[in-house]
Amino acid sequence: MTEPTGCAAELAVERYLDEIAARLPGSPRSHHHIVAELRSGVLDAADSHERGGLPPARAVRAAIAEFGEPALVADAFLAEIAASQARRVAVILLVTGPLVGLLWIGTAAASHVVVHLASLWHLTGMHGVFAWGIELVAVAATVTAWAAALGIASTGRLTRLLPVRPRRAPTIVAVAGIGAVSADALGLAMLAADLAIAPGQVAVTPAAIAAVASLGRILLARRSASRCLALRARLA
């Protein structure tokens, strides 16, 4: 049987890389650099074997055998991918938190919320409910901010000083995501209660903008937390 040509050998490399890429979490774009690094390594190894006297097809097979099964190679990159994704999510949560918070503050200012709430508390006796709601939002926002900041720190230079624990970063950032979902959900719940009690007192446009921003952040944080927890499970 005739040995496959060099072109066929390159196709074998691409099929091998495709199998690895299919096992990597996230979008193909997010791990493009990993596939490029592997391609370079496999081709270099194949060239080395070919210079040693092997034909192209056998040289590629030898190089692939050195790198190992696609599943094992993909698993070797999980910790790197988890840290990269956790850091990206943490940055997004840390940046969007104050922005969404400012939108809610703007809504409160436009609605003259201090006078408005004082009136509501006097008329409905819901002082305790709204006070608890505000405190819970503050707690959830604080947890989110601290967890996101710690997630960024744990994927940066701090990793040189800490024990190697691949599950640390996705776990911390998942907590940040859950905190963000809680903070925004509580804000939306308080807005809904306010609209139900005295709809005419709320500034509609700022409230709508803040609500849309919070909904978007909830979807983003929920999806990101789920992905971090899924990566954490794969690293077990």
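Reply: Happy to. The second largest pocket holds about 240 Å³ of space. Here a pocket is an open set of points on a 1 Å grid over the protein atoms alone, where a 1.4 Å probe fits and protein lies on both sides within 12 Å along at least five of seven lines. Grid points are joined across faces, edges and corners, and the volume is the space filled by probe spheres set on the points. Rolling a probe the size of a water molecule over the atoms shows where empty space is left.

The second largest pocket is lined by 13 residues, and Gln85, Arg88, Val89, Ser224 and Arg227 are the closest to its centre; a lining residue has an atom within 4 Å of a point. Two or more lining residues come from each of α5 (78-110) and α9 (204-234). Sorted by class, the lining has 5 nonpolar, 5 polar and 3 charged residues. In that sorting, Ala, Val, Leu, Ile, Met, Phe, Trp, Tyr, Cys and Pro are nonpolar, Asp, Glu, Lys and Arg are charged, and the others, Gly among them, are polar.

Before going further, a word on what you are looking at. This is a predicted model, in which local features need pLDDT of at least 70 and side-chain atom pairs count only at pLDDT 80 or more, while totals for chains, interfaces and linings use all residues. Residues are numbered from 1 along each chain as its sequence is written, and side-chain values use heavy atoms, with hydrogens and water left out. The average pLDDT (the predictor's confidence in each residue, from 0 to 100) is 84 for the protein, and 85% of the residues score at least 70. Confidence is highest in α9, at 93, and lowest in helix α6 (residues 113-124), at a mean of 51. Where pLDDT is low, the predicted coordinates should not be read in detail.

Now the wider setting. The protein has 9 helices and 0 strands, where helices (H or I, at least four residues) and strands (E, at least two) are DSSP runs numbered from the N terminus. Of its 236 residues, 33% are buried; buried means under 20% relative accessible area, exposed over 50%, and partly exposed in between, with a 1.4 Å probe and protein chains only.

Back to α5, one of the helices that line the pocket. Its 33 residues should span 48 Å at 1.5 Å a residue, and the end C-alpha atoms agree with this at 47 Å apart; the expected span is 1.5 Å times one less than the number of residues. Among the buried residues of α5 are Gln85 and Val89, along with Leu93, Val100 and Trp104. Valine 95 also sits in α5, but at 49% relative accessibility it counts as partly exposed. The C-alpha atom of valine 95 is 9.3 Å from that of alanine 145, although 50 residues separate the two along the chain. Leucine 93, for its part, is 9.9 Å from glycine 179, C-alpha to C-alpha, across 86 residues of sequence. Glycine 179 belongs to helix α8 and is buried, with a relative accessible area of 7%.

In α2 (residues 32-51), 20 residues should span 28 Å, and the end C-alpha atoms are 29 Å apart, which agrees. Ile34, Val35, Leu38, Val42, Ala45 and Ala46 are buried in α2. Seen down the axis, these buried residues fall within an arc of 100 degrees, so they line one face of the helix; the arc is that of the directions from the helix axis to the C-beta atoms. His32, Glu37 and Arg51 are exposed on the other side of α2. Just after α2, glycine 53 takes a positive phi of about 115 degrees.

In α3, the buried residues are Ala57, Ala59, Val60, Ala63 and Ile64. They fall within an arc of 160 degrees when seen down the axis of α3, so they line one face of the helix. On the other side of α3, Ala65 and Glu66 are exposed.
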